[in-house]
Amino acid sequence: MTTAWTDTALTRLRDASGRSGGARRRVVVFLGEQDCCLSAQEIHDAVRAQGERVGIASVYRALEGMDELGLVQRVDLGDGVARFEPAHSGGDHHHHLVCDDCGKVEPFEDASLESAIERVADGRGYSVAAHDVVLRGACEDCRHDRD
């Protein structure tokens, strides 16, 4: 599915702007390979660590363009840093576990949780268009460090 997202994102960005810059391509390809959300700075640092030349402004422009086209989901983990991950058609998504000690972010999926969210919304007459679940605490490594 990431290849499909990457191809779609590149095509839609090119169609919207008439450009297909190398920096934008590198950001889109990198983001399409990730399994969870990343900040603009994390994307910049990782792409540069791969030996690619990309400026932080180019990363922000690429993310802004993808956000405007609905290609990325902006994730707020409560720390004031915007993170982004591919927005897949069909509503496929995951939620996040966040370690308050080391900052580790892990994705998770849970069908029972999705059912519970739908049940609560239906019971109150809501039609939920989107939802985010962020569970905060201490990851396994940090819990062991406390012991």
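**Core and sheet**

Author: Please keep in mind that this is a predicted model. In soluble globular proteins, nonpolar side chains tend to be buried together. Here the largest nonpolar core holds 21 residues, and those with the most contacts inside it are Trp5, Ile43, Leu63 and Met66.

Reader: Which elements give two or more residues to this core?

Author: They are α1 (2–17), α2 (22–32), α3 (40–49) and α4 (56–68), and the largest share, 5 residues, comes from α2. Apart from this core lies another, of 5 residues, including Cys36, Cys37, Leu77 and Val98.

Reader: If I look at Ile43, leaving aside its neighbours within four places in sequence, which residues is Ile43 in contact with?

Author: With those neighbours set aside, Ile43 is in contact with Val27, Phe30, Leu31, Leu38, Val59 and Leu63.

Reader: Now for the strands: in what order do they form the sheet?

Author: The order is β5-β4-β6, in an open sheet of 3 strands whose pairing is mixed. At the edges are β5 (105–108) and β6 (134–137), each of which pairs on one side only, and from one strand to the next the twist averages 20 degrees.

Reader: In which sense do β4 and β5 pair, and over how many bridges?

Author: Strand β4, which covers residues 95–99, pairs with β5 in the antiparallel sense over 4 bridges.

Key:
Residues numbered from 1 in each chain as written. Predicted model: local features only at pLDDT ≥ 70, side-chain atom pairs only at ≥ 80, totals over all residues. Heavy atoms only, no water. Pairing = 2+ DSSP bridges. Axes fitted to C-alpha atoms, helices over the stretch in contact; angles between N-to-C directions. Core = buried A, V, L, I, M, F, W, Y, C linked by side-chain atoms within 4.5 Å. Buried < 20%, exposed > 50% of the residue type's maximum accessible area, 1.4 Å probe, protein only. Contact = heavy atoms within 4.5 Å.
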